[in-house]
Amino acid sequence: MTLNLLIASWSVLMAALIALFLYRRQVGRREDDFVHLSAADAQVLTDQASMAQRLDVLDRWMRILFIVVIAFSLLVVAAYLYNVWNTGPEM
């Protein structure tokens, strides 16, 4: 029962990580990679700075969620091994 709950929770976390990755990829498609130096491009510079800030925030949340998923994966594996140790292999 507990192992099933852990696996379901891990699946939700993994789905959230994949969704965040896809969202970040979609937002990053509109990124302007060219360097604008003239004063006439002031609005473009502002848009670039705002997009860079948004992508930085998304990257930070992706790193945090990735670490949580890895830690939770180790917890699921430890719970499974503990369950096998106590009950023996199921055949």
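Author: Here is a short tour, from the overall make-up to single residues. This is a predicted model, where local features need pLDDT of at least 70 and side-chain atom pairs count only at pLDDT 80 or more, while totals for chains, interfaces and linings use all residues. Residues are numbered from 1 along each chain as its sequence is written, and side-chain values use heavy atoms, with hydrogens and water left out.

Reader: Thanks! How many helices and strands does the protein have?

Author: The protein has two helices and zero strands. Both kinds of element are DSSP runs numbered from the N terminus, with helices (H or I) of at least four residues and strands (E) of at least two.

Reader: Where are α1 and α2, and how do their axes cross?

Author: Helix α1 covers residues 2–28 and helix α2 covers residues 42–87; their axes come within 9 Å and cross at roughly 160°. Axes here are lines fitted to C-alpha atoms, for helices over the stretch in contact, and angles run from 0 to 180 degrees between N-to-C directions. α1 and α2 are therefore roughly antiparallel. For that wording, angles under 35 degrees count as roughly parallel, over 145 as roughly antiparallel, 65 to 115 as roughly perpendicular and the rest as oblique.

Reader: What kinds of residues are in the contact of α1 with α2?

Author: By class, that contact of α1 with α2 has 26 nonpolar, four polar and three charged residues. Nonpolar covers Ala, Val, Leu, Ile, Met, Phe, Trp, Tyr, Cys and Pro; charged covers Asp, Glu, Lys and Arg; the others, Gly among them, count as polar.

Reader: Which residues of α2 are buried?

Author: Q48, M51, L55, L58, M62, L65, V69, F72 and V76 are buried in α2. Buried means under 20% relative accessible area, exposed over 50%, and partly exposed in between (1.4 Å probe, protein chains only). These buried residues of α2 pack against α1, where contact means heavy atoms within 4.5 Å.

Reader: And which ones are buried in α1?

Author: In α1 they are L3, L6, L17, L20, V27 and G28. Their cover includes α2. Across the protein, buried residues make up 16% of the 91 residues.

Reader: New topic: what span should α2 have, and what is the distance between its end C-alpha atoms?

Author: At 1.5 Å a residue, the 46 residues of α2 should span 68 Å, and its end C-alpha atoms are 67 Å apart, which agrees. The expected span is 1.5 Å times one less than the number of residues in the helix.

Reader: What follows α2?

Author: G88 comes after α2, and its phi is positive, near 85°.

Reader: Last one: is M14 buried or partly exposed?

Author: M14 is partly exposed, with a relative accessible area of 24%, and its place is in helix α1. I70 is 56 residues from M14 in sequence, yet the two are 9.6 Å apart in space, C-alpha to C-alpha. I70 is found in helix α2 and is partly exposed too, at 40% relative accessible area.
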